[in-house]
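Welcome, and please load the model in your viewer. We will go from stop to stop, selecting residues as we go.

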Amino acid sequence: EDVDPRAFEILISFMSGEVVKFKTVPTALAVIYAANKYMVNNIDILALKFISRNITSDNVLLVLHNLYRLNIVPGGSQTRPTSQSDKSYERKNLDKLGAIVIKRCFEVIDRNAKQILSSGQIEDISLQLLKSIIRRGTLCISSELAVWKAVHRWSHTQCRKRRLDPSHVNKRKMLEGAQYHIRFLTMTSEEFREGQALTGLLSKEEEMKILDRRSVNSKDGHGYQIMVQKHRCGNKLWENKIKKVKEWKEKISSMKKSEKGKMTLVEELFAYFVCILC
């Protein structure tokens, strides 16, 4: 009953030897779930390949949430029993492809961090995934307030889901220390005061220590440590990447114009791929 009807039809078609085609990412994710439930091999790999080609800022959290839920993560293991042949071939391929998809997902999040952190979807992801996102030093954001507000909204929503009063104490319990991944010391005093007034995710003692810039190595009553504070470098990284691509393009253009620097087809192809990978 918990399997999407469209996913179930695709599963039956695949088991009948028919060629299957995926039309949407949610359907492909549903097929992976169905394949895991009914122990159907190989179709999950086809679904992952489709997903890897269609990751966007609008569906990236949905993809990651489902892959984490199914344990298709580096070091994870699916609940589906596997035979010896599965372990040596299909499981290996699934793990490898899953790692590629997840890497691409986090790259999309880095580039579109502001949009994703402000979206309603982030309020419904798992705590594990939330921590994986806010730990990243490559998020493209102009202010750490974007992370703080996202963490606060997540904790508020989780309290409501559990029918708990969204008090400061309950929100901190929901976060289980995730709030300490916010890089408080990279913020101005004004930004910090605004964030704390809005969310109340820190105790009064923690608030005073951070304002005094003495909190890097301090711990609260639960033994949590305020994380090392460095500015997230996402914007700088992508600016450097764009700059490198422009430099390569200019270099290629000048070589084409130069009679001595005339490029062969192989050299042009090589330069093209360098531009992409820079």
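Helices here are DSSP runs (H or I, at least four residues), numbered from the N terminus. This is a predicted model, where local features need pLDDT of at least 70, side-chain atom pairs count only at pLDDT 80 or more, and totals for chains, interfaces and linings use all residues. Residues are numbered from 1 along each chain as its sequence is written, and side-chain values use heavy atoms, with hydrogens and water left out.

Start by selecting helix α1, residues 5-15. Which helix gives the most to the nonpolar patch? Helix α1 does, with three residues. Now show F8, I12, M15 and Y38 as a surface: they make a nonpolar patch of about 390 Å². Of these, M15 is found in helix α1. A patch takes residues with over 30% relative accessible area and no salt bridge, joining nonpolar side chains (Val, Leu, Ile, Met, Phe, Trp, Tyr) within 5 Å and like charges within 9 Å. The areas come from the Shrake-Rupley method with a 1.4 Å probe, and for residues only the protein chains shown count as cover.

Next, select D2 and K37, whose side chains meet in a salt bridge at 2.6 Å, N to O. D2 lies in the segment before α1 and K37 in helix α2, so the pair ties together parts that are 35 residues apart in sequence. A salt bridge means a side-chain nitrogen of Lys or Arg within 4 Å of a carboxyl oxygen of Asp or Glu; the structure holds ten of them.

Move on to helix α2 (residues 25-38) and helix α4 (residues 60-69), which pack at about 0° with axes 11 Å apart. Axes are lines fitted to C-alpha atoms, for helices over the stretch in contact, and angles run from 0 to 180 degrees between N-to-C directions. Colour V25, P26, L29 and Y33 of α2, then L62, V63, N66, L67 and R69 of α4, to see the contact (heavy atoms within 4.5 Å).

Finish at helix α10 (residues 189-199) and helix α11 (residues 204-211), whose axes come within 11 Å and cross at roughly 170°. Select F192, R193 and Q196 in α10, which meet E207, I210 and L211 in α11.

How values were computed. Helices (H or I, at least four residues) and strands (E, at least two) are DSSP runs, numbered from the N terminus.
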